[in-house]
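Reader: I would like to go through the terms used for this model and see what each one rests on. Please set each value against its definition.

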Amino acid sequence: MQNELLDVAIIGGGPAALSAALNCRQRNKSVCVFGRSLDSSLLFAAEKVDNYLGMPDIGGEEMLNRFYAHAVKNGVEFKECRIRQILSMGDHYMINANNEFIGAKTIILAVGLNKSIGIPGEAEFLGKGVSHCATCDGMLYRGKKVVVVGENEEGEAEADFLADVCKEVIYIPLYQPVLNLKEGIAQKEGKPKAVVGKDGKVAALELADETISCDGIFFAKNTAPPESLLFGLETDGKNIVVNRKMETNLQGVYAAGDCTGTPYQIAKAVGEGLIAALSAAEEIDRRNRK
Ligand SMILES: Cc1cc2nc3c(=O)[nH]c(=O)nc-3n(C[C@H](O)[C@H](O)[C@H](O)COP(=O)(O)OP(=O)(O)OC[C@H]3O[C@@H](n4cnc5c(N)ncnc54)[C@H](O)[C@@H]3O)c2cc1C
């Protein structure tokens, strides 16, 4: 990918992201969609969609493929990956795409429904011992004791990375089988109940029948809460807070689709994607006039 800053980086891969991307291209902005595979969009699971104007009786998969083809035909680049962290650099943002850092002037978050059910203390101690990305934050725990909670096998890679950095790593899988864990990483069964803090930072992870003292807890989730992507992003606990221009509380960051709240519908996602794209394009044009 180019070293130049992208005009717009879109995180997601469903109708909101693809609509935003298409409309960015129509305003002649450089754009890349950073999304997980198309089949991870909720739309993919819809057997039949009957309330999208002009496309009666269409299957969700076919609809998504049409959205994708339309966007790609208009010059949208799609990079299949899961974004774990976006850093603010002052006048632009850096996206960590599988440890490749890509700069963008503006960001559109179209990450879908927040399905991450946090345990008590998880949100409170985010950035104070709780993390959702080992490669982003692992170095802060050099020589320390950490727990990794894995909802899927990506947790094993997180734990393996941390094993090279930390004094002790304990892995708690919430799935089976565990296949690729480095030697020396202790495995425990159990369901996390709460993050326990002391003096404003993480002190332990509470399970049903034991409490593990630790300096950090890494959650490898199927879906991470949006505020873990971008420090300081305002949410109402579940949804990203936006205004009618789809602006978030962060300059140059917009959100669209299910991640901004109900109704969870394709037409809303597509419409909000359009508005977010127009707002991002307007912001870029404003900066270029300066
Ligand atoms: C069974 C079913 C039937 C439905 N039927 C209808 C219907 O008939 N009519 C209707 O209007 N709506 C329907 N919906 C709802 C509709 O599918 C959603 O409202 C719509 O898909 C929302 O679009 P979105 O782009 O906001 O989110 P999604 O389509 O969920 O897309 C979000 C995408 O972002 C990706 N992503 C998330 N985090 C990251 C990250 N960190 N890095 C990279 N990618 C990320 C996800 O993997 C996903 O691909 C249905 C939903 C379901 C489940």
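Reader: What makes the shell around the ligand polar, nonpolar or charged by class?

Author: By class, the shell has 18 nonpolar, 10 polar and 3 charged residues. Ala, Val, Leu, Ile, Met, Phe, Trp, Tyr, Cys and Pro count as nonpolar, Asp, Glu, Lys and Arg as charged, and the others, Gly among them, as polar. This is a predicted model, in which local features need pLDDT of at least 70 and side-chain atom pairs pLDDT 80 or more, while totals for chains, interfaces and linings use all residues. Residues are numbered from 1 along each chain as its sequence is written.

Reader: How many residues surround the ligand, and which are the closest?

Author: The ligand is surrounded by 31 residues, with G14, S40, S41, G112 and G257 the closest. A residue is near a molecule if its C-beta atom, placed from the backbone, lies within 6 Å of it.

Reader: Why are β11 and β13 said to stand at the edges?

Author: The open sheet has the order β11-β12-β13, with antiparallel pairing. β11 (192-198) and β13 (211-213) each have a single partner strand, so one side of each is left without a neighbour in the sheet. Strands are DSSP runs (E, at least two residues), numbered from the N terminus.

Reader: What makes β11 and β12 a pair?

Author: Two strands pair if DSSP finds at least two bridges between them. β11 and β12 (residues 201-207) are joined by 6 bridges, so they count as paired. V195 has L205 in β12 as its bridge partner.

Methods:
Helix = DSSP H or I, 4+ residues; strand = E, 2+ residues; numbered from the N terminus.
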